[in-house]
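Subject: Structure for you to look at

Hello,

Please find the structure we spoke about below. My notes on what was found in it follow.

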Amino acid sequence: MRVTDDFLRAYCLRPEIHPVEESCAAERALHAALMEDPRRPVADAEIDAVADDDARDNYRILLRFRGRLIEAGTVEGCYATLFRGGKIDVPPLFIDQLTHVILRNVLADRGDPLEARCAELFFREQKLTLREGHALLADLETIGMHSSGTRYGSIGRLIVEAEGSLGQVNLDVLDRNNASLYWQRESRHDTVISLSYGHAASEALGRAIEEEHWAWHIGLDAESTAILNELWRGDEVEAGRMRRILALFRLDFPDPNAVRADVAGRPVYLGIAANDDDVVRLKPQNLLTNLPLAAQS
């Protein structure tokens, strides 16, 4: 996906950048110039002339990110370069936004609402609720925003009761029979999926499997990485912690030459787990940095 001028302008419209009533003339002039030409060079003196300290910092962060986008030329190219060594100098929010855009483009032609909802795990934190054998995931931010009331409810309504201060929120659990609800409400992030084995959402994300011995594994979050590493070493993992593993997925490479010789012909296993707060936060960059790919000649 090519980086367009309008894509760059969208970042100038963010609240951290858009001028407010108290903004000085220099800040307003810089913003207007970037809206006119979002690729224009910006001199240090233009930023130094902005009166507000936070505004100056925000512009420096944005322009550094803009430079990465322009240099890469594509959204996918920019994302890939973020994790190729060195310090990541881009705010996590920008990484999540790139992930969102890339995944929606990848899944656009398939039009599967359950796949689109499952993809949110890669850029939005989820709250886990274990209920009657089901591993239910709801958007963490939505749960927090609406924990004080029962705002939602329709077909297939389920009450997701979180512990402590989160209280009670009514959300819809997506399955094949009501999956189209997602397209009507995707920007509200108010639907729940079940990652329990055999359920439609789990099948949309991948099929859970297990194997006694494996050649390579990747944790898609910090907790699953730690647990899988301990199992790999032969350590004993406490049963209560093992229950945090929500799913294992199998990744096969059709071309054995694409991976390292010691892994060729063997599957790679991917894990998902919840942390101590029952929050699920996947890290798609792990797929970029940890896959056992063969060295490029």
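The accessible surface of the chain comes to about 15,900 Å², and carbon and sulfur atoms hold 50% of that area. Please keep in mind that this is a predicted model, and that the values here are computed from it.

The chain has 297 residues, of which 43% count as buried. Its secondary structure consists of 13 helices and nine strands. As for contacts in the chain with a separation of 6 or more, 57% of them are between residues 24 or more positions apart.

The rest of this note is about empty space inside the protein. Rolling a probe the size of a water molecule over the atoms shows where such space is left. Searching the whole structure turned up one cavity of 30 Å³ or more. The volume of the largest cavity is about 60 Å³.

Which residues line the largest cavity? They are L8, Y11, C12, L34, P38, L62, L63, R66 and L69. Two elements, α1 (5-12) and α4 (53-72), each give two or more residues to this lining. The most comes from α4, which supplies four residues.

By class, the lining is made up of eight nonpolar residues and one charged residue, with no polar ones.

Regards

Methods:
Residues numbered from 1 in each chain as written. Predicted model: local features only at pLDDT ≥ 70, side-chain atom pairs only at ≥ 80, totals over all residues. Heavy atoms only, no water. 1 Å grid on protein atoms, 1.4 Å probe; cavity = no way out; pocket = protein on both sides within 12 Å on 5 of 7 lines; lining within 4 Å. Points joined across faces, edges and corners; volume = space filled by probe spheres on them. Nonpolar A, V, L, I, M, F, W, Y, C, P; charged D, E, K, R; others polar. Buried < 20%, exposed > 50% of the residue type's maximum accessible area, 1.4 Å probe, protein only. Contact = heavy atoms within 4.5 Å. Areas by Shrake-Rupley, 256 points an atom, 1.4 Å probe, with all protein chains shown as cover.
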